[in-house]
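Here is a short note for a colleague opening this structure for the first time. The points below go from domains to sheets to helix pairs, and end with the chain contact.

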Amino acid sequence: MKPSTAGWLFAAPALAVIAVFFALPVLAALALSLTDFDIYALADIGNLRFVGLGNYLGLMRNPLFWQALGNTFYFVLVGVPLSIALSLAAALLLHSRLGVFKPFFRTAYFAPVVTTVVAVAVVWRYLFHTRYGLVNWVLAGIGIDPVDWLGDPDWAMPTIILFAVWKNFGYNMIIFLAGLQAIPEDLYEAARIDGASRWRQFLHVTLPMLGPVMLMVAILTLSGYFQLFAEPYVMTQGGPLQSTVSVLYLMYEEGFKWWNLGNASAVAFILFVIMATITYGLLWVARRKGAE
Amino acid sequence: MHLRSTIARWAAALALLLGVLAGCSRQDDGRTVVRFWAMGFEGQVVAQLIPQFEREHPGIRIELQQLPITAAHEKLLTAFAGDALPDVAAIGNTWVPEFAAIGALAPLDARLASGGIAPVDYFEGGWDTGVIDGQVRAVPWYVETRLPFYRRDLLAEAGIDAPPRDWAQWRDAMAAVKRHVGPERYAILLPLNEFEPLLNLAMQQPDPLLRDGGRYGNFRSDGFRRTLAFYKDIFDQGWAPRVANTQISNVWDEFGRGYFGFYISGPWNIAEFGRRLPSDLSEAWATMPLPGPDGPGASVAGGASFVLFDGSPRKDAAWAWVAYLSRPDVQARFHGITGNLPPRRSAWNAPALRDDAHARAFREQLERARATPKVPEWERIATELRLVGEEMVNGRLTVDEAAVELDRRTDAILEKRRWMLDRAAQGQGAAP
């Protein structure tokens, strides 16, 4: 037996699992996205039409799809940097030697991650209530007019971003904390001897040493945030004026509310291509900078 | 120790499993088992009606399965795909066309001809929701329609003595209430996340909502545009706040606080308002028929209906269950348990319903309720109606633009239906 055959044999169980549970469904979804599969086709397969790229072209012409894409990018472009910055800041605070009650804060910051989205979203909806919410009450106390957080199309997405960031930053914080603890203390010592300020130490020691961790966190957060669904589903149902409809929310409605599975598969594929492209681009940039 | 406790746990689990299996086999007593699926609260309490039926029909046992309302549609479709539908179910009226289109529903005309259920006793609109292409596919279980709940005291303070009967009077009443309550409160609540208020107002026009046998939208008709203009004006005048239901604390509290004077809703809110409003307000609210363009108008006939599934081998036994639940005395009892409104006029002779002042407006309104267009795509079209309506009242579309946009979206949704109808027509033409 050739060594390469043995290698394939050993890998075969894992490859079979990947083929059955990943490759096959993806190919089936791709095939589905080229048809107009719906409840009529469910009743009688004779009602199925092969539409080629029709679903994709239809999406390109659908303003709601572009709005959903725009909303999702808005959420990702604002939410991901905000989430990473907040996680890093919290991690730095917890890592700092000056901090007190560290275990308490570590738990407190991480707590939102383990709560249930639906339950917490309901609480947030009360907090951000226009007339009875705590947030507007506090704002009124410092003389700011009430904001219609979830009812104004311009404010709904920022509110959702705030909620998502608050909910998720603890997870990345823990990863950053591990990364920070892995940086050897003598690097800071050397920098201090060279006369580097705290800020310089952060820029030239902490950040470069966190490079690989940063890359991983960025990829995880990006792919998570592109799949925005539960927050608008619970808090706004895509409204007001569809300003919080995300790509995944659109897919859910097409697929499971209206049973246009062909169309829903096309949406899923476009999202898949976008996420794969962006992740690949991120890796490419990181590789060029030598962070990987 | 550890191993022994594990074994003990497994033994207990096994014993439990055997017990369950034995329980199953013990119930196999030669009776015909009819599997019945019902949704939500009704699905829960209908269990109380089973014992009497099983006494009257010793050969039949009802196996009740309750579905959560939000997942019912999906579960029924999944069951259809997996060939696991029950014998009989109560489904939403608007789902009947869809399940009829996929061939899941058994025709009921022959069974009705044998008597027991008299179609003439039913409110016309409610009965009509189950008639697809001239064939009866569903029998109403309970009906609902939407009409305004209003604050009598607020209207009286604003100088309105009798509830408005037509749109002109309604506008006067809303203007008066708004003048009276000031800028912080409103005359009416029309939640922007519901399509029902706008749809009910649209049903009052003589023009059908779809044309050419449900092939195209008919939203550019004069009648529908009149409805759109009336609806938009309510917001433009500041009589209704531009809010969704999720943005107010809840309708009951806000109704009690007088945040709005009118609220278009269904019969379940009779009980809810009765229970949730403070007792000093118990006389302060009432229901009224839905005002139409010229005098009391139509509304949507909603509710749930019984259907028999075509694949069931136990349709006779299932029909006996439907006939039992459709009896006026059983319907009156069901109303007593749930507060749901019966679809048969004779059931309304029961004292509990006849003497209920709040139900009276519904009794009158149900005579005028009408079925929505019977195409499987209707729910989706109604959702687009809501979305376009929301854009319109927010000033992004004019009335005419909204009508055109709604027709465009509807025509796109109905594309597959047109293709299937054309193909069926061609197939008939080609056949010898």
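1. Domain bounds, as used here, come from an automatic or database domain assignment. The model is predicted. Chain B is divided into domain 1 (29-144 + 301-370) and domain 2 (147-300 + 377-420). Their centres, taken over C-alpha atoms, are separated by 28 Å.

2. Look next at where the two domains of chain B meet. Domain 1 of chain B puts 16 residues into the contact, and domain 2 of chain B puts in 19 residues. On the domain 1 side, α17 (357-366) and β17 (369-370) of chain B each supply at least two residues. α17(B) gives the most to that side, with six residues. By class, the domain 1 side has seven nonpolar, five polar and four charged residues.

3. Now the five-stranded sheet of chain B. This sheet is open, and its order is β2-β1-β3-β16-β6. The pairing is mixed. Which strands stand at the edges? They are β2 and β6 (139-144) of chain B. Each has a single partner strand, so one side of each is left without a neighbour in the sheet. On average, neighbouring strands of this sheet are turned by 20° against each other, direction ignored.

4. Two pairings in this sheet can be followed residue by residue. Strand β1 (residues 32-39) of chain B pairs with strand β2 (residues 60-67) of chain B in the parallel sense, over eight bridges. In that pairing, B:V34 stands opposite B:I62 in β2(B). β1(B) also runs parallel to strand β3 (residues 88-92) of chain B, and two bridges join them. Here B:F36 stands opposite B:V88 in β3(B).

5. Helix α14 (residues 315-325) of chain B lies across β1, β2, β3, β6 and β16 (302-308) of chain B. α14 runs at about 50° to β1(B).

6. Chain B also has an open sheet of four strands, in the order β8-β11-β7-β12, with mixed pairing. The edge strands are β8 (188-189) and β12 (285-287) of chain B. Each of these two has a single partner strand, so one side of each lacks a neighbour in the sheet. Strand β7 (residues 147-151) of chain B and strand β11 (residues 262-265) of chain B run antiparallel and are joined by four bridges. The bridge partner of B:P148 in β11(B) is B:I264.

7. Return to α17(B), the helix from point 2. α17(B) lies across β7 and β12 of chain B. It runs at about 20° to β12(B).

8. Next, a helix pair. How do helix α18 (residues 378-393) of chain B and helix α19 (residues 399-413) of chain B pack? Their angle is about 155°, with the axes 10 Å apart. Angles over 145 degrees count as roughly antiparallel, and α18(B) and α19(B) are therefore roughly antiparallel to each other. The crossing of α18(B) past α19(B) is right-handed. On α18(B), the contact is made by B:R380, B:I381, B:E384, B:L385, B:V388 and B:M392. On α19(B), the residues are B:V399, B:A402, B:E405, B:L406, B:R409, B:T410 and B:I413. The contact of α18(B) with α19(B) has eight nonpolar, one polar and four charged residues.

9. α18(B) has a further helix contact. The axes of helix α11 (residues 222-236) of chain B and α18(B) come within 9 Å and cross at roughly 50°. That makes α11(B) oblique to α18(B). This crossing is right-handed. B:L228, B:Y231, B:K232 and B:F235 in α11(B) meet B:G389, B:M392 and B:V393 in α18(B). By class, the contact has five nonpolar residues, one polar and one charged.

10. Last, the two chains. How many residues of chain A are in contact with chain B? There are 21, and they touch 21 residues of chain B. Helix α2 (residues 39-43) of chain A gives the most to the chain A side, with four residues. The chain A side divides into 11 nonpolar, seven polar and three charged residues.

Notes. Residues are numbered from 1 along each chain as its sequence is written. Chains are lettered from A and ligands numbered from 1 in the order in which they are written. This is a predicted model: local features need pLDDT of at least 70, side-chain atom pairs count only at pLDDT 80 or more; totals for chains, interfaces and linings use all residues. Axes are lines fitted to C-alpha atoms, for helices over the stretch in contact, and angles run from 0 to 180 degrees between N-to-C directions. Angles under 35 degrees count as roughly parallel, over 145 as roughly antiparallel, 65 to 115 as roughly perpendicular and the rest as oblique. A crossing is left-handed if the near helix is turned anticlockwise from the far one by less than a right angle, and right-handed if clockwise. Two residues are in contact if their C-beta atoms, placed from the backbone, lie within 7 Å. Ala, Val, Leu, Ile, Met, Phe, Trp, Tyr, Cys and Pro count as nonpolar, Asp, Glu, Lys and Arg as charged, and the others, Gly among them, as polar. Two strands pair if DSSP finds at least two bridges between them.
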